[in-house]
Amino acid sequence: MNKSFLRAVGLALFLIATSCPTGAQTYLLFAPKNLAQAKLLDQLTYYYTVPKQPSISALLANIEDSQILETDWENAQYPVVGFLSQVLAAKPELLAKEISSRYSPRLKKVILLALMTEFLDIYAPPAYQRIINKMPLGKRPPPITAMAVKHPKQLDMLWGALFATGDPKFFGAIFKVYEAPNGPTGNSKLNAALKRVIEWATWSNMQQHTMVERLIRERMASAAPNVAKRLQTIVSRFETSLESLNLGTRDGFFSASVALTDASIIDELKKPSSSGIRVVRKSRFSRRESIFVHIAFNGMEVSEDYKANVTFSAILRQPDGHEQTLYENRTAIIGPAPARYSILSARDLNQFRLPEDAPTGDYLLRVSLSDNLSGKDLELTANFKLVE
């Protein structure tokens, strides 16, 4: 860590405080360019829901291995700083042991900023302490919730901190900017830009995080009438957008679909949800094939502790009309489910194979899907033909 590196850290702080608004990367925090980055994105955005969280050293290694700071520095640095500031602050006594001095210059820079933001200097490894000690106290960034937001990227820091902790204070800091009567800056155009970024990011994040949906509805219920009206606009846009997440069969916000496919789906489901999953529907199978039943569902209820409870049963009708129960009250998802409306993460896969003497012809699979928290049930069907 040399003087040029220290100057780079100072420059980053200067940019955080003074840059003019450009496009801000919220919602997905950054756009993943490969599988490692997609896995990291899932880890960063749902960190607050994971009961057994990775060690600090493992998390930093994941950031390093993903190369996200090298491939997308402009968009990734701010949410990662916000995220790390809270992760490091949660376990300060482990920092000297968990933080290495052998990271890339950009990851070191992000770690330094996160340490300074939460005043974690005394816990940091000596190599980091020496650099931080050279910076005048007046030049250090304030805690994230106390900073004067003057740039959309600072909002990304707050979103990153929110996804790390689930702490409503970070959501409150974002909306303190949004609800300021005269705006947070002395520039009307900048104030308007910040408000547009907050509206878009909140609408987007409501689709991925039950927490964000819950927080804005609570805020709207207690806000002054003029503020509540503006918040209602965001909520209304969100509710309208749920139409695009309709999976085909629905009851209110709860919707689902079923597809029959082959073993190719196994590799697809190993991908992180943020990378996209391709399901190849099949309508013809032989007796030698396993038939995979892929159920995707969306809009299920999520409890206060971010858990869902969805089960299903399935009946197979044979060509002669005889019916056979394949599954009964089988678990689709019981447990952590931070994304109430995420089509990609709410899914289940089962498989069966017909016996050698099964008659050829047309079969019908009926699936009953139950959201046990809302009491809603959906009936799904899929047809296929058994051939020799």
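These legends walk through a few views of a predicted model.

**View 1. The whole protein, to get your bearings.** Here you have 14 helices and nine strands. Along its principal axes, the C-alpha trace spans about 85 × 50 × 30 Å. Of the 388 residues, 52% are buried. Take the contacts between residues at least 6 apart in sequence: 72% of them join residues at least 24 apart. The accessible surface is about 17800 Å², and carbon and sulfur atoms account for 51% of that.

**View 2. Inside the largest nonpolar core.** This core has 113 residues, and the ones touching the most other members are Leu84, Ile99, Leu115 and Phe297. Helix α5 (residues 73–90) supplies the largest share of the core, with nine residues. As a bit of background, nonpolar side chains in soluble globular proteins tend to be buried together.

**View 3. Zooming in on Thr311.** You'll find Thr311 in strand β5 (residues 307–317). With a relative accessible area of 12%, Thr311 counts as buried, because the cut-off is under 20%. Its side chain makes a polar contact of 3.1 Å with the side chain of Asn372. Leaving aside residues up to four places away in sequence, Thr311 also touches others, including Asn329, Arg330, Ile334 and Ser370.

How values were computed:
Residues numbered from 1 in each chain as written. Predicted model: local features only at pLDDT ≥ 70, side-chain atom pairs only at ≥ 80, totals over all residues. Heavy atoms only, no water. Core = buried A, V, L, I, M, F, W, Y, C linked by side-chain atoms within 4.5 Å. Buried < 20%, exposed > 50% of the residue type's maximum accessible area, 1.4 Å probe, protein only. Helix = DSSP H or I, 4+ residues; strand = E, 2+ residues; numbered from the N terminus. Polar contact = N/O pair within 3.5 Å; in protein donor to acceptor, adjacent residues only side chain to side chain. Contact = heavy atoms within 4.5 Å. Areas by Shrake-Rupley, 256 points an atom, 1.4 Å probe, with all protein chains shown as cover.
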